[in-house]
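Here are some friendly notes to read alongside the model. Take them one at a time, and keep the viewer open as you go.

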Amino acid sequence: MSVKEENIRLKQSEEWSPRKLTLGQRFNKDLHVNWQLYVMVIIPVIYYLVFRYVPMFGNILAFRKYTSGGSIFGEGPLTLKYFRQFITGKPFWQAFSNTLILNGLYLLFRFPLTLIFALLLNEIRNLHWKKFVQTVSYLPHFISMVIVCGMIKELLSTSGPINEVIAKLGGEKISFIAMAEWFRTIFVASGVWQSLGWGTILYLAAMSGINPSLYEAATVDGASHFQQVIHVTIPCILPTIATLLILDIGGLVGSGGAFEKVYLLYSPLTYETSDIVSTYVFRMGIESGSINFATAVGMFEGVINLVLLTIANFVSRKVADTSLW
Amino acid sequence: MSDIEKTELNLKDIKAHNPKNKIKESAGYKIFTVFNTIIMILVSVATLYPFLYLISQSFTSTQAIIEGYTGLVPKGFNIETYRYILTRNDFEFLRYYLNTIIYTFIGTVLSLFFSSILAYPLSKPKLRINKFLSPFIIFTMYFGGGLMANYVLMLKLGLKNSMWGFILPMLISTYYVILMRSFFMSIPKDLEEAGEIDGLNKWGVFWHIARPLSTPIIATMTLFYAVMYWNNWFNAKLYLQDKAKWPVAYFLQTIIRGAGANEPDAQNMTANIKSCAMVLTVLPIICVYPAIQKYYVQGMMLGGVKE
């Protein structure tokens, strides 16, 4: 066989390579080789369909009447009346603005503090001391919100240590938990307390991945230690900062972790500053039984959340070249 | 000056300015270190203070608490409340505690299994279905059914008032699946291929090769899932009406929220019953999480690395 013929034969056989197969054929081949992997995902996929996607479509209850015991997708014609109901009501807008204010304030304090704490941790040279501080600072992350809020209430109660200090300094005791004007402070401060340490993990991981030669080069160029942080460390962890910021901005309207804490700390006395969308949904839907109404409110929140996340993701891709998808 | 000389000079420069040497020289850095240490001590104290306060209260005598004692050293050492909680059946703390242990155990085992059999195939970039499966899974992180639709579904499935109503809604966490997938991706392909050459099928490779190599991520996930089940009270509030099925976190919520009116025992008991119950609930977590710190830090790191 001549070389030419050989080449032609090779070309022909290439046509049998997976690239030339139709989608269906490729899939069949994959199924044949990897069928066990396909079997593995069956139950999880069913789980996702039932417990994640069915409720997603269950959002249609925002538009169709639900009767107790009836279809989870509602009955009868589609209607916008539930949306009209909450859009025109004052409690919803109060909850909506509280959600934005609480999440915004929390982000405003927590985000820079976490970054600074991570930078400071990164400067500790004594590894035992560093590990100790880290371990201690991770602790609140693992504690149930019930306990966290229980502790907040104990510490802030009129017979608690904080009021005792106030009394000793000659001040008047304050019933913090019952006062609307204190709610934001309590929410943000306890949130920072709980998340400060855990929030540093990804930053520290990113910092440990920085090539040491960059610092050496900076030193050769005469950069002071502080300048190294500004010109080496921060630029190197910028993608991590961007990713975390996208997630946080995407969560600005969301209930996220805020629901549990607000629910456990608020009372009708403080609704004016404490009631957020998700607690409003809970009260209307579960406690008062207005299922359709509450679904509409919850869905509104979910959609805004998704839109915000998409925008943040887009901006981050353009500006910092980092994105979630 | 020749090039070689120049290079040598540069090398000397680098050695002289080795970051560690430089740090020792600079007075400014010494001041910073002191300042940094003080901040770290303050953060540690602020983090631990509420726990120490709780522990102190739990051992303080009823008399001292009524008088408003708020110190960090227990006053009038008192273990009666603990004895009451742990031995008297009418308070039923132990029953709730046992429920939590059962839910945490069953939930964690199931969660680990189902998360890993989802994460492992997802970690195979060549698997055709992943083109659809990855977005299918990940989308649920960004948009969901919301409280009401989930609630209605659970009612429809008849899961109200059953242990499964507590466990199933959080059986698979998408975020944790992503973390596991990242870890599985980091397992060297050669090892898995060697297993296949030795005659293992795909499941065999997963079970006998990938799983034993995944101790760090399995330890991490065990902790995360166990903590999630241990701490959850909200599913219990939604789905467990029967008091006998309550987990301890939900029981705590009812006594802390001052729904204590339904809890005559808690009202009449010593003033520090909440502190004792909280300490007992937190204790297992405090004992466990530092032990596997090196694993979960590693696990989170892998998850944070973008592909």
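Leaving aside its neighbours within four places in sequence, which residues is Met180(B) in contact with? Keep that in mind for the first point, and remember throughout that this is a predicted model.

1. Start with Met180(B). Once its neighbours within four places in sequence are set aside, Met180(B) is in contact with Ser115(B), Ser116(B), Ala119(B), Ile217(B) and Met221(B).

2. Now widen the view to the core. Met180(B) is one of the residues with the most contacts inside the largest nonpolar core, which has 111 residues. Val146(A), Val281(A), Val297(A), Met148(B) and Leu252(B) are also named among those with the most contacts there. Helix H13 of chain B, residues 215-231, provides the largest share of this core, nine residues. Another core, of 20 residues, lies apart from it, and includes Phe117(A), Leu202(A), Leu204(A) and Ile237(A).

3. Next, look at how the two chains meet. The contact draws on 72 residues from chain A and 75 residues from chain B. On the side of chain A that touches chain B, helix H2 (residues 23-58) of chain A gives the most, with 19 residues. Sorted by class, that side of chain A has 46 nonpolar, 17 polar and nine charged residues.

4. Chain B deserves a look of its own. Chain B has 18 helices and zero strands. Of its 307 residues, 34% are buried. Among the contacts in chain B with a separation of 6 or more, 69% are between residues 24 or more positions apart.

5. Which domains is chain B divided into? They are domain 1 (3-78) and domain 2 (88-304). Eight residues of domain 1 of chain B are in contact with seven residues of domain 2 of chain B. On the side of domain 1 that touches domain 2, the elements giving two or more residues are helix H3 (27-59) and helix H4 (62-66) of chain B. The largest share of that side, four residues, comes from H3(B). By class, the residues there are four nonpolar, four polar and no charged.

6. Finally, check the confidence for chain A. Its mean pLDDT is 87, and 93% of the residues of chain A reach 70 or more. Among the elements of chain A, helix H5 (residues 127-138) has the highest mean pLDDT, 94, while helix H1 (residues 3-14) has the lowest, 54.

How values were computed
Residues are numbered from 1 along each chain as its sequence is written. Chains are lettered from A and ligands numbered from 1 in the order in which they are written. This is a predicted model: local features need pLDDT of at least 70, side-chain atom pairs count only at pLDDT 80 or more; totals for chains, interfaces and linings use all residues. Two residues are in contact if their C-beta atoms, placed from the backbone, lie within 7 Å. Ala, Val, Leu, Ile, Met, Phe, Trp, Tyr, Cys and Pro count as nonpolar, Asp, Glu, Lys and Arg as charged, and the others, Gly among them, as polar. A residue is buried if 20 or more other C-beta atoms lie within 10 Å of its own, exposed if 12 or fewer, and partly exposed in between; C-beta atoms are placed from the backbone. Domain bounds come from an automatic or database domain assignment. A nonpolar core is a set of buried Ala, Val, Leu, Ile, Met, Phe, Trp, Tyr and Cys residues joined through C-beta atoms within 7 Å. pLDDT is the predictor's confidence in each residue, from 0 to 100.
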